[in-house]
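Me: I've got a model open and want to walk through it quickly. Can you take my questions as they come?

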Amino acid sequence: MSETPFDADLMITVMSAFLDLPIQPEYRQGVASHLLASHRIAKSFLDLALDDEAEPAPVFTP
Amino acid sequence: MSKTASEIASAVRSGKTTARAQVQEALQRIEELNPALNAFTDVLTTRALQRADNIDLCIAADSDPGPLAGVPFAVKNLFDIEGFPTLAGSKINNAHTPATKDATLIARLEATGAILIGGLNMGEYAYDFTGENRHYGPSRNPHAPNHMSGGSSGGSGTAVASGMVPLSLGSDTNGSIRVPSSLCGLFGLKPTYGRLSRNGTFPFVASLDHLGPMARSTLDLALAYDAMRGHDVEDPAASAKEAPATLPLLNKGLDGLRIKRAGGYFSSGGHAEAFAAVDHVAKHLNALATIEISGAKEARSAAYIITMAEGAALHLDRLRIHHADFDPDVRDRLIAGAMIPGAWVAKAQKCRRVFHTEMMKVFDSCDVILAPATPCFAPKIGQTTIVIDGQELPLRPNMGLFTQPISFIGLPVVSVPVWLPGEKLPIGVQIISAPWREDIALRVSAWLENAGAVSAPIAKVESA
């Protein structure tokens, strides 16, 4: 995953509309900090090379 | 209550005391201490006394009320309690219709003679490691009331460590039984994922949610676990695998067990006390070898992302309508979670299987792994950051650094309480065993307890 910083505030604006999830102005700073944290934390596993055939953990048994 | 659950049950069963006397003692202690410690959100006086009288009648008639006869217990308030809305630490759920029956685990404990005495405070919707709650106030650490109980099963830790009840139930998605057990100085069991039924509890992250007991002795954990085990068709994640009783094996000792301490990820990223506690336990167990666990950092990261996304999915409609009624710390994390890409979640679930495969190889060469439970002693209430390796980080997510990779793949763990020399606060060590081997983790915990290496004394608390 790229190290390029992303614009969390822009993401909140766009995703709020996409999700039909109104976000109050006073929530934005907290949401942005969690988005930035998730972006930093996710990098470690997103960089793992996995086989195309790798099976996700949950398996539905009909 | 100074007695453990097993001591109470033994005294009630032998007629040395009555179930009513035990319930009254618990109610008295709750009345004295709860105003200062804030563990309980509901106290079931009438129900508990009626149930106690039934137990006493049963004993008077020479019938067997069960191995937990007369033992008062309490549950994190995400468990359904008949007649009460299931709060899950929230203000929003207070408007829910009252539960029409008890959660499966409550019913199973009561079927063996235990007596439900109340619902316990918790972090909102279980998205918490602190025990703080904006709506109901923090559950406090009985050993130092201006310190955190840990979360999200904070009230479950407070109630047992203060001696209000000898036994409580909590939930653990990423560490929420093990973190408060560590900070409050208790024994806590997070069983294998799928081992204990979650039917009748408010969920958080379905693919990671576990339930389990917290107590002041290993024997009490085993008694409660044995009473609650068994398949439940009402929980789709519940395993149909046979769940043998652990009690008969509890004092089998350490013979044949290969015990190693976790290295790498688990040997840095915490304060000195976290590793001193592992040293202490390892020394007693003569566990000289260290085992590297590759992929733990990635596992923790993947659990973090799954939690954000699944938690957000659960609450998305509530975030649209009731956003102002959430605890702001929880709300902002959930809103951010709603924006996590699906591709990240799918990859995280693939990483879960990869890490599971890695860990199964680790268990080829050992039976028990030792790791810190929390990165530090109980922080002060209101503290929002923690310094780890010289870096100031948000406290809330990082209290679960060491628990999160383990629950990610559902391994059974007993958190054991260590009191380091000269310290006024306890800290926990995780005793981790292979899937479905709760008996092994409990055996090691019991051995440590019998050796005097770990203990859970009742806190000396002054009433408000």
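Predicted model: local features only at pLDDT ≥ 70, side-chain atom pairs only at ≥ 80, totals over all residues.

Me: Where is Ala299(B) found?
Reply: Ala299(B) is in helix H9 of chain B.

Me: Noted. Is Ala299(B) buried or exposed?
Reply: Buried. Ala299(B) has 28 other C-beta atoms within 10 Å, and a residue counts as buried at 20 or more.

Me: What does Ala299(B) touch, not counting residues up to four places away in sequence?
Reply: Cys351(B), Phe355(B), Pro405(B) and Phe408(B).

Me: And how far is Ala299(B) from Ala348(B)?
Reply: Their C-alpha atoms are separated by 8.1 Å. Along the chain, Ala299(B) and Ala348(B) are 49 residues apart.

Me: Back to H9(B). At what angle does H9(B) pack against H10(B)?
Reply: About 105°, with the axes 8 Å apart. H9(B) and H10(B) are therefore roughly perpendicular to each other.

Me: Which residues make that contact?
Reply: From H9(B), Met308(B), Ala309(B), Gly311(B), Ala312(B), His315(B) and Leu319(B). From H10(B), Arg331(B), Arg333(B), Leu334(B), Ile335(B), Ala336(B) and Gly337(B).

Me: How do the residues of the contact of H9(B) with H10(B) divide?
Reply: Seven are nonpolar, three polar and two charged.

Me: Let's switch to Tyr127(B). Where is Tyr127(B) found?
Reply: In the loop between strand E3 (115-120) and H5 of chain B.

Me: Why does a loop residue like Tyr127(B) count as buried?
Reply: Because Tyr127(B) has 30 C-beta neighbours inside 10 Å, and the cut-off for buried is 20 or more.

Me: What is Tyr127(B) in contact with, leaving aside neighbours within four places in sequence?
Reply: Ser152(B), Phe204(B), Gly311(B), Val330(B) and Arg333(B).

Me: How far is Tyr127(B) from Asp56(B)?
Reply: 40 Å in space, C-alpha to C-alpha. In sequence, Tyr127(B) and Asp56(B) are 71 residues apart.

Me: What about H5(B) itself: how many of its residues are buried?
Reply: Eight of the eight residues of helix H5 (residues 154-161) of chain B are buried, so H5(B) is largely enclosed by the rest of the structure. The buried residues include Gly154(B), Gly155(B), Ser156(B) and Gly157(B).

Me: What follows H5(B)?
Reply: Gly163(B), with a positive phi near 80°.

Me: Now H2(B) and H3(B). How do they pack?
Reply: Helix H2 (residues 19-37) and helix H3 (residues 45-60) of chain B pack at about 155°, axes 7 Å apart. H2(B) and H3(B) are therefore roughly antiparallel to each other.

Me: Which residues meet there?
Reply: Ala19(B), Arg20(B), Val23(B) and Leu27(B) come from H2(B). H3(B) brings Thr45(B), Ala48(B), Leu49(B), Ala52(B), Asp53(B), Ile55(B) and Asp56(B). The residues of this contact of H2(B) with H3(B) divide into seven nonpolar, one polar and three charged.

Me: Zoom out. How many helices and strands has chain B?
Reply: Chain B has 14 helices and 13 strands. Its radius of gyration is 20 Å, close to the 23 Å that the globule rule gives for 464 residues, so chain B is as compact as a globular protein of that length. Of the 464 residues of chain B, 61% count as buried.

Me: What share of chain B contacts between residues at least 6 apart join residues at least 24 apart?
Reply: 78%.

Me: And the secondary structure of chain A?
Reply: Two helices and zero strands. The radius of gyration of chain A is 16 Å, well over the 11 Å that the globule rule gives for 62 residues, so chain A is more spread out than a compact globule. Of its 62 residues, 16% count as buried.

Me: What does H1(A) look like?
Reply: Helix H1 (residues 8-19) of chain A has twelve residues. From first C-alpha to last, H1(A) reaches 16 Å, close to the expected 16 Å. Just after H1(A), Asp20(A) takes a positive phi of about 50°.

Me: Last topic: how many residues does each chain put into the contact between chain A and chain B?
Reply: 31 from chain B and 25 from chain A. On the chain B side, the elements that give two or more residues are helix H9 (296-321), helix H10 (328-337) and helix H11 (342-365). H11(B) gives the most, with eleven residues. The chain B side divides into 16 nonpolar, five polar and ten charged residues.

Key. Residues numbered from 1 in each chain as written. Chains lettered and ligands numbered in written order. Contact = placed C-beta atoms within 7 Å. Helix = DSSP H or I, 4+ residues; strand = E, 2+ residues; numbered from the N terminus. Nonpolar A, V, L, I, M, F, W, Y, C, P; charged D, E, K, R; others polar. Axes fitted to C-alpha atoms, helices over the stretch in contact; angles between N-to-C directions. Parallel < 35°, antiparallel > 145°, perpendicular 65-115°, else oblique. Expected span 1.5 Å × (residues − 1). Buried ≥ 20, exposed ≤ 12 C-beta atoms within 10 Å, placed from the backbone. Rg over C-alpha atoms; globule rule 2.2 N^0.38 Å.
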